[in-house]
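I set aside this page for a look at one model. My notes follow the order in which I looked things up.

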Amino acid sequence: MLVAPSLLAADFMDLRSAVEMLNSGADWIHLDVMDGTFVPNISFGFSVIDPLSKLAAKPMDTHLMVVHPERWFERLAGDGVECVSFHLEAAGRRTSSNIELLHSLGLKAGVAINPDVPVQKLFPYIGKADYFLIMSVFAGFGGQKFIPDSLDRIATLRSEIVRRGHKALIEVDGGVGPGNAAALRQAGADVLVAGSSVFNTEDPCAAIELLRRA
Ligand code: DX5
Ligand code: ZN
């Protein structure tokens with residue numbers, strides 16, 4: 001199981017310490033980019049990602065919650081980001097060409113969906129995308145409650161990936177913690193994104209380890 005802690009829940013006055021901690025404990029570093037239009041919140045952009053990229057020693061996993069995600073792919077590649085996910089709801093018919101664009105830039109391509117999008121809408125991208133990001137809360141804010149139905153959505157997607165003989169990873173994001181990590185793994189998740197359950201604890205490194213061993 002891979003753990004991708006979300007910096008959204010870190011202390012923004014001390015992102016340096018957060019990244020240093022993740023450099024030793026995390027598998028991926030999850031960056032939540034929000035534009036105030038695709039989601040009703042604004043997080044951070046390149047003024048934060050540029051300096052973070054110089055410090056990050058683990059793969060950076062950028063979750064774009066923005067309209068026109070493709071506008072930012074080249075700059076993210078320039079920052080040495082490894083994985084970029086964008087929302088199906090934002091990309092629509094451009095989903096396949098966005099995946100190709102990310103691949104042409106040497107990036108891993110992820111397709112994300114909110115909880116109200118039928119998981120079957122991802123099926124056409126099996127064999128194209130490197131990973132799928134299943135939101136288990138509505139994108140926009142950290143600290144929300146996990147939507148239990150997400151387990152079935154993950155299991156459905158996992159069996160279709162297996163049925164077609166592919167190897168795409170499934171990443172789950174929102175309300176993930178020690179209470180649901182084992183069930184998520186059993187449902188077929190490979191990557192756990194965790195904000196609050198990592199950073200709002202006494203020992204974030206131990207919290208990451210707990211999730212990894214779920
Ligand atoms: C929400 C973000 C998540 C968020 C997760 O829109 O995509 O990555 O940071 O936070 P928690 O783990 O607190 O739900
Ligand atoms: Zn996220």
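Which residues coordinate the zinc ion (ligand 2)? I kept in mind that this is a predicted model. I found H30 through NE2, D32 through OD, H63 through ND1 and D173 through OD. The distances run from 2.0 to 2.3 Å.

Next I checked the geometry. The zinc ion (ligand 2) has six donor atoms, and the angles among them span 69 to 169°. I logged the site as octahedral.

Then I looked at where the donors fall along the chain. I wrote down the spacing as H-x1-D-x30-H-x109-D. D32 sits in strand β2 (residues 29-34), and H63 sits in strand β3 (residues 60-65). The two are 31 residues apart, so I noted a pair that links distant parts of the chain.

Are D32 and H63 buried or exposed? I used the cut-off of under 20% relative accessible area for buried. D32 comes out at 4%, so I count D32 as buried. H63 comes out at 0%, so H63 is buried too.

I moved on to the nonpolar packing. The largest nonpolar core holds 60 residues. L7, L122, F132 and L157 touch the most other members. Helix α1 (residues 15-25) gives the most to this core, with five residues.

Leaving out residues up to four places away in sequence, I listed its contacts: F12, L15, A18, V19, L22, I29, H30, L31, L52 and F199. H30 is on that list, and H30 also coordinates the zinc ion (ligand 2).

Last, I found a second, separate core of nine residues. Its members include V39, M65, A112 and M135.

Technical notes:
Residues numbered from 1 in each chain as written. Chains lettered and ligands numbered in written order. Predicted model: local features only at pLDDT ≥ 70, side-chain atom pairs only at ≥ 80, totals over all residues. Heavy atoms only, no water. Core = buried A, V, L, I, M, F, W, Y, C linked by side-chain atoms within 4.5 Å. Buried < 20%, exposed > 50% of the residue type's maximum accessible area, 1.4 Å probe, protein only. Helix = DSSP H or I, 4+ residues; strand = E, 2+ residues; numbered from the N terminus. Contact = heavy atoms within 4.5 Å. Donors = N, O, S within 2.8 Å, 3.2 Å for Na, K, Ca; no water. Tetrahedral: all angles 85-135°; square planar, octahedral: opposite > 155°, others 65-115°.
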